[in-house]
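Reader: I would like to learn how to read the features of a protein model. Please take me through them one at a time.

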Amino acid sequence: MRETNPAEIIIGIDTHKEAHAAVAINGLGARLGAMTLPASSRGYHEMETWARSFGPVRAFGVEGTGSYG
């Protein structure tokens, strides 16, 4: 398993029908920001751009992949 780099970003996403909520944390677990995005191609692009603005993204964790995710 790879060692955690404090500079890497992890994005957690809570999915819903109309919009999704995302939170960004660093490798130490500190919350860097949060956003709500529309559940659409445009929203996903905006979220990716937002996520990368914090630094190198290590992972995206998507909750609810059996339904809206």
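**Reading the model**

Author: Buried means under 20% relative accessible area, exposed over 50%, and partly exposed in between (1.4 Å probe, protein chains only). This is a predicted model, in which local features need pLDDT of at least 70 and side-chain atom pairs count only at pLDDT 80 or more, while totals for chains, interfaces and linings use all residues. Residues are numbered from 1 along each chain as its sequence is written, and side-chain values use heavy atoms, with hydrogens and water left out.

Reader: What average pLDDT does the chain have, and in which strand is confidence lowest?

Author: pLDDT is the predictor's confidence in each residue, from 0 to 100. Where pLDDT is low, the predicted coordinates should not be read in detail. Here the chain averages 91, and 90% of the residues score at least 70. Confidence is lowest in strand β4 (residues 57-63), at a mean of 93, and highest in β3, at 97. Strands (E, at least two residues) and helices (H or I, at least four) are DSSP runs, numbered from the N terminus.

Reader: In what order do the strands of the sheet lie?

Author: Strands of a sheet pair through backbone hydrogen bonds, either parallel or antiparallel. Two strands count as paired if DSSP finds at least two bridges between them. In this model four strands make an open sheet in the order β3-β2-β1-β4, with mixed pairing. β3 and β4 stand at the edges with a single partner strand each, so one side of each has no neighbour in the sheet. From one strand to the next, the twist averages 20°.

Reader: Over how many bridges do β1 and β2 pair, and over how many do β2 and β3?

Author: β1 and β2 pair in the antiparallel sense over six bridges, and they form a hairpin with four residues between them. β2 and β3 are also antiparallel, over seven bridges. Their hairpin has four residues between the strands, and glycine 29 in it takes a positive phi near 90°. Valine 23 can be followed across the sheet: in β2 it is the bridge partner of glycine 12, and its own partner in β3 is alanine 34. Isoleucine 13 has alanine 22 as its bridge partner in β2. α1 packs on the sheet, touching β1, β2, β3 and β4, and its direction makes about 170° with that of β3. Axes are lines fitted to C-alpha atoms, for helices over the stretch in contact, and angles run from 0 to 180 degrees between N-to-C directions.

Reader: Which residues of β2 are on its covered face, and which on the uncovered one?

Author: In a regular strand the side chains alternate between the two faces of the sheet. The covered face of β2 has His20, Ala22, Ala24 and Asn26, and the uncovered one has Ala19, Ala21, Val23 and Ile25.

Reader: Which residues make up the largest nonpolar core?

Author: In soluble globular proteins, nonpolar side chains tend to be buried together. A nonpolar core is a set of buried Ala, Val, Leu, Ile, Met, Phe, Trp, Tyr and Cys residues joined through side-chain atoms within 4.5 Å. The largest one here has eleven residues: Ile9, Ile11, Ile13, Ala22, Ala24, Met35, Leu37, Met47, Trp50, Ala51 and Val57. At least two of its residues come from each of β1 (9-14), β2 (19-26), β3 and α1.

Reader: How many salt bridges does the structure hold?

Author: Side chains of opposite charge can pair when their charged atoms come close. A salt bridge is a side-chain nitrogen of Lys or Arg within 4 Å of a carboxyl oxygen of Asp or Glu. The structure holds three. In one of them, arginine 58 meets glutamate 8 (3.8 Å, N to O). This pair links distant parts of the chain, 50 residues apart: arginine 58 is in strand β4 and glutamate 8 in the segment before β1. Glutamate 8 is buried, with a relative accessible area of 13%. Another joins glutamate 46 to arginine 42, with the closest N and O atoms 3.1 Å apart. Both lie in helix α1, four residues apart, about one turn of the helix. Arginine 42 counts as exposed, at 63% relative accessibility.

Technical notes:
Contact means heavy atoms within 4.5 Å.
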